[in-house]
Amino acid sequence: MSDIVWYPSKTAGWEDGRPGGVGGGEKVKVKQKDGKVVEFHKDAVRICSASTLDVVDDMITFDEINEPIILHNVHKRFLEDSIYTYIGPMLVSVNPFRVIERYGPHTIPDYQTKPRDQLMPHLFSVAEDAFKSLSLGKSQACIISGESGAGKTEATKIILKYLTVVATPSGSERDFSKAILATNPILEAFGNAKTVRNNNSSRFGKFIRIMFNRAGSINGAKIDNYLLENTRIVFQAPGERNYHVFYQLLAGLDDAELEKLSLSRDPSDYMYLTNG
């Protein structure tokens, strides 16, 4: 039997214990860290080698991989302000809800010139791999997914930032690259809203196409939006708000413009802006 048993926990999701022997029927015994021995159904636990407690940059190096191993490694790294972790070509990102300076744009030159295994995991590395493959004539796609508040919008901005830096030689193309990034505030105004998990949650899907010329410079972009949460316009869940643009409109117009449009500056005067 293995040295480690991962068992379900109501507070931590999973916790590691030691094998405690065979239980009755289809149950196994697990010795918890406090010394208490409890029984679980054999299908509820994960039996793994002790090496799964190691903290690594790339979880593809583990002999085995499952939910508790992933969560344990990602959690331990997060406690050390390491918010990115590889699983082979994939990257797991945990939103720290703050800026961590060592992941800043000043590291972009390193990801352009150094091997991946000499650098800490980063979205820049994912973007660099995609950019290099483009030079071989292969179209690339970066899929960013996660629940509300996971940091999908910020991850998109980071990848766009990297591509606009490495694929922008000079002159007017630099201005065009900045224009791609400048669309985010506009899209967020009409498609983002405050939720119970996130003050700036995207309530729509976004597919960004970036076109490159043969020299590797950006020469065009197209943004397709889809699946906008239309019901939010007329109803919001408790503790949530409507789309940012409505509040920005009331806050940004001067008194004369508000009067001309028969609007009040106070959002609480409007049912559609306060029923959350």
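Trainee: What share of the 276 residues of the protein chain counts as buried?
Mentor: The share is 35%. Keep in mind that this is a predicted model. Buried means under 20% relative accessible area.

Trainee: Why is Thr153 called buried?
Mentor: Its relative accessible area is 14%. The cut-off is under 20%. Thr153 is therefore buried.

Trainee: Where is Thr153 found, and what is it in contact with?
Mentor: Thr153 is in helix α4. Leaving aside neighbours within four places in sequence, Thr153 is in contact with Glu188 and Ser202. Contact here means heavy atoms within 4.5 Å.

Trainee: Why is Gly25 called exposed?
Mentor: Exposed means over 50%. Gly25 has a relative accessible area of 78%, so Gly25 is exposed. Its place is the loop between β2 (13–22) and β3 (27–31).

Trainee: How far is Gly25 from His41 in the model?
Mentor: Their C-alpha atoms are separated by 8.8 Å. Along the chain, Gly25 and His41 are 16 residues apart.

Trainee: What makes Lys114 partly exposed?
Mentor: Its relative accessibility is 40%. Under 20% would be buried, and over 50% would be exposed. The value of Lys114 falls in between, so Lys114 counts as partly exposed. Lys114 sits in the loop between α2 (108–113) and α3.

Trainee: What separates the C-alpha atoms of Lys114 and Ala221?
Mentor: The separation is 28 Å. In sequence, Lys114 and Ala221 are 107 residues apart.

Trainee: Into which class does Arg265 fall, and why?
Mentor: Arg265 has 34% relative accessibility, so Arg265 counts as partly exposed. The band runs between the buried limit of 20% and the exposed limit of 50%. Arg265 is in the loop between α7 and α8.

Trainee: Which residues does Arg265 touch, not counting residues up to four places away in sequence?
Mentor: Arg265 touches Leu250, Ala251, Leu253, Asp254, Asp255 and Leu258. Take Ala251 as one of them. Arg265 and Ala251 are 14 residues apart in sequence. Their C-alpha atoms are 6.4 Å apart in space.

Trainee: What is phi of Ser262, and why is Ser262 called exposed?
Mentor: Phi of Ser262 is near 55°, again positive in a residue other than glycine. The loop between α7 (255–260) and α8 (271–274) holds Ser262. Its relative accessible area is 66%, so Ser262 passes the 50% limit and is exposed.

Trainee: How does the radius of gyration of the protein chain compare with that of a compact globule?
Mentor: A compact globule of 276 residues would have a radius of gyration near 19 Å. The protein chain has 24 Å. Its C-alpha atoms fill a box of roughly 75 × 55 × 30 Å along the principal axes.

Trainee: How many helices and strands does the protein chain have?
Mentor: The chain has 8 helices and 11 strands. Among contacts between residues at least 6 apart in sequence, 43% join residues at least 24 apart.

Trainee: What is the volume of the largest pocket?
Mentor: The volume is about 1200 Å³. Of the 36 lining residues, the closest to the centre are Ala141, Cys142, Phe207, Ile208 and Arg209.

Trainee: Which element gives the most to the lining of the largest pocket?
Mentor: β10 does, with 8 residues. By class, this lining has 19 nonpolar, 10 polar and 7 charged residues.

Trainee: What is the volume of the second largest pocket?
Mentor: The second largest pocket has a volume of about 730 Å³. It has 35 lining residues, and the closest to its centre are Asn95, Arg98, Glu154, Ala155 and Ile158. Here α4 gives the most, with 7 residues. The lining has 14 nonpolar, 13 polar and 8 charged residues.

Definitions and conventions: Residues are numbered from 1 along each chain as its sequence is written. This is a predicted model: local features need pLDDT of at least 70, side-chain atom pairs count only at pLDDT 80 or more; totals for chains, interfaces and linings use all residues. Side-chain values use heavy atoms; hydrogens and water are left out. On a 1 Å grid over the protein atoms alone, a cavity is a set of points where a 1.4 Å probe fits but cannot get out, and a pocket is an open set with protein on both sides within 12 Å along at least five of seven lines; lining residues have an atom within 4 Å of a point. Grid points are joined across faces, edges and corners, and a volume is the space filled by probe spheres set on the points. Helices (H or I, at least four residues) and strands (E, at least two) are DSSP runs, numbered from the N terminus. Ala, Val, Leu, Ile, Met, Phe, Trp, Tyr, Cys and Pro count as nonpolar, Asp, Glu, Lys and Arg as charged, and the others, Gly among them, as polar. The radius of gyration is taken over C-alpha atoms; the globule rule is 2.2 Å times the number of residues to the power 0.38. Buried means under 20% relative accessible area, exposed over 50%, partly exposed in between (1.4 Å probe, protein chains only).
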